[in-house]
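This report goes through one structure part by part. Please look over the sequence and the model before reading on.

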Amino acid sequence: MQIAVLTIFPTMFDLFWEYGIVRRAIADGHVQTEAMDIRAFTDDRHHVTDDRPYGGGCGMVMKPEPLARAIETARQRIEGGLTVLMSPQGDKLSQQTAAGLARQRGLIFICGRYEGVDARIVRRHVDYELSIGDYVLSGGEVAAMVAMDAVIRLLPGVLGGAESAARDSFSDGLLEHEHYTRPREFEDQTVPEVLLSGNHEAIARWRHRMSLIETLLRRPDLLERRRLDEREQRILRQWSQILERILRHQAAHRPDSLSGRQ
Ligand code: 9D3
């Protein structure tokens, strides 16, 4: 896959390309990346990329002409690429969105600065608008890095067999179980016995249960949206019965209860 990022701060990406899975994906030829400087597509002496908004108001707007030329150039280099504007108004990035972007032939990310880009660029040249969440950033660059990171690790061949198997495994849609490594005892805390047992079936069951409880406590919204298999339903029913027993016991202790105290 080819990815171009259009930005007025291209050097922000220099370090991003150089680390971890992203670096390896580039080195192994799974993705070709480049940051294109929008300023290089200006035609005035001072390389101006912004201008005052029509209608007044504070802040500046990104001028359409340099952006249009930059997009045009990127589209020639990346045939069949999807042009994505990083924008607070866009669809919110999710793992599903990332998977959709990973299926594209190529991607052209446009990073806005100032108050935004001229609406005519969006209408004529942008295929998709993408946000990374409901908080205010100073520009699209960091958001584009987030999106690229999520996309690149989904490209075929980028993750090793074991890693992508783990990614696609049953536990998808649940939070991860907790992890432990050596030493066996750290600051008076020991490693759960089952993880030392060598019983791989028991370990897998324990991890699955831990994933479930972690998700129930921290992100119940994920459980509501997920199809639960037989085992998961059984575990949740067991916990539900425990909670019901505790609450029935509490009912017996109400101040006005005949069987309770007070
Ligand atoms: C809050 C009112 N305006 C700022 C004074 C609007 C605004 C304009 C431009 C807010 C943020 C930005 C810059 N942000 C992005 O370009 C951006 C972004 C974000 O801010 N949050 C989440 N995802 C994204 S993607 C691009």
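This is a predicted model: local features need pLDDT of at least 70, side-chain atom pairs count only at pLDDT 80 or more; totals for chains, interfaces and linings use all residues.

How far does a polar side-chain atom of Ser131 lie from a nitrogen atom of the ligand? The separation is 3.4 Å.

## Contacts with the ligand

A polar backbone atom of Ile132 is 3.0 Å from a nitrogen atom of the ligand. For Tyr135, a polar backbone atom and a nitrogen atom of the ligand are 2.8 Å apart. The ligand on its own exposes 560 Å², and the protein buries 74% of that area.

As for its location, the ligand takes up the space of the second largest pocket.

## The shell around the ligand

How many residues surround the ligand? There are 15, and the closest are Ser87, Ile132, Gly133, Tyr135 and Leu137. By type, the shell consists of 9 nonpolar residues, 5 polar residues and 1 charged residue.

Two strands each supply at least two residues of this shell: S5, which spans 82–92, and S7, which spans 128–131. Strand S5 gives the most, with 3 residues.

## The loop between S6 and H5

Strand S6 covers 106–111 and helix H5 covers 119–125, and Asp118 is found in the loop between them. Is Asp118 buried or exposed? Asp118 counts as buried because its relative accessibility is 14%, and the cut-off for buried is under 20%. The side chain of Asp118 also makes a polar contact, at 2.8 Å, with the side chain of Arg120.

Val117 belongs to the loop between S6 and H5 as well. With a relative accessibility of 15%, Val117 counts as buried. Val117 and Val61 are 56 residues apart in sequence, while their C-alpha atoms are 5.5 Å apart in space.

Tyr114 is another residue in the loop between S6 and H5. Its relative accessible area is 33%, so Tyr114 is partly exposed; this class lies between the buried limit of 20% and the exposed limit of 50%.

## Backbone features

Most residues other than glycine have a negative phi, and most peptide bonds are trans. Tyr114, which is not a glycine, has a positive phi near 60 degrees. Asp188, also not a glycine, has a positive phi of about 70 degrees. The peptide bond from Arg182 to Pro183 is cis, with omega near 5 degrees.

Where do Asp188 and Pro183 sit? Asp188 is placed in the loop between S8 and strand S9 (189–190). Pro183 lies in the loop that runs between helix H7 (161–168) and strand S8 (185–186). Asp188 is exposed because its relative accessible area is 73%, and exposed means over 50%.

## Pairs of residues along the chain and in space

Helix H1, made of residues 13–16, contains Phe13. Phe13 has a relative accessible area of 0%, so it is buried.

Gly29 is in the loop between helix H2 (20–27) and strand S2 (32–37). At 55% relative accessibility, Gly29 counts as exposed.

Ile203 lies in helix H8, which runs over residues 200–218. Why does Ile203 count as buried? It does so because its relative accessibility is 10%. The C-alpha atoms of Ile203 and Tyr114 are 52 Å from each other, and the two residues are 89 apart along the chain.

Terms used. Residues are numbered from 1 along each chain as its sequence is written. Side-chain values use heavy atoms; hydrogens and water are left out. A residue is near a molecule or strand if one of its heavy atoms lies within 4 Å of it. A polar contact is a pair of N or O atoms within 3.5 Å; within protein, one must be able to donate a hydrogen and the other to accept it, and residues adjacent in sequence count only if both atoms are side-chain atoms. Accessible areas come from the Shrake-Rupley method with a 1.4 Å probe; for residues, only the protein chains shown count as cover. On a 1 Å grid over the protein atoms alone, a cavity is a set of points where a 1.4 Å probe fits but cannot get out, and a pocket is an open set with protein on both sides within 12 Å along at least five of seven lines; lining residues have an atom within 4 Å of a point. A molecule sits in a cavity or pocket if more than half of its atoms lie within 2 Å of its grid points. Helices (H or I, at least four residues) and strands (E, at least two) are DSSP runs, numbered from the N terminus. Ala, Val, Leu, Ile, Met, Phe, Trp, Tyr, Cys and Pro count as nonpolar, Asp, Glu, Lys and Arg as charged, and the others, Gly among them, as polar. Buried means under 20% relative accessible area, exposed over 50%, partly exposed in between (1.4 Å probe, protein chains only).
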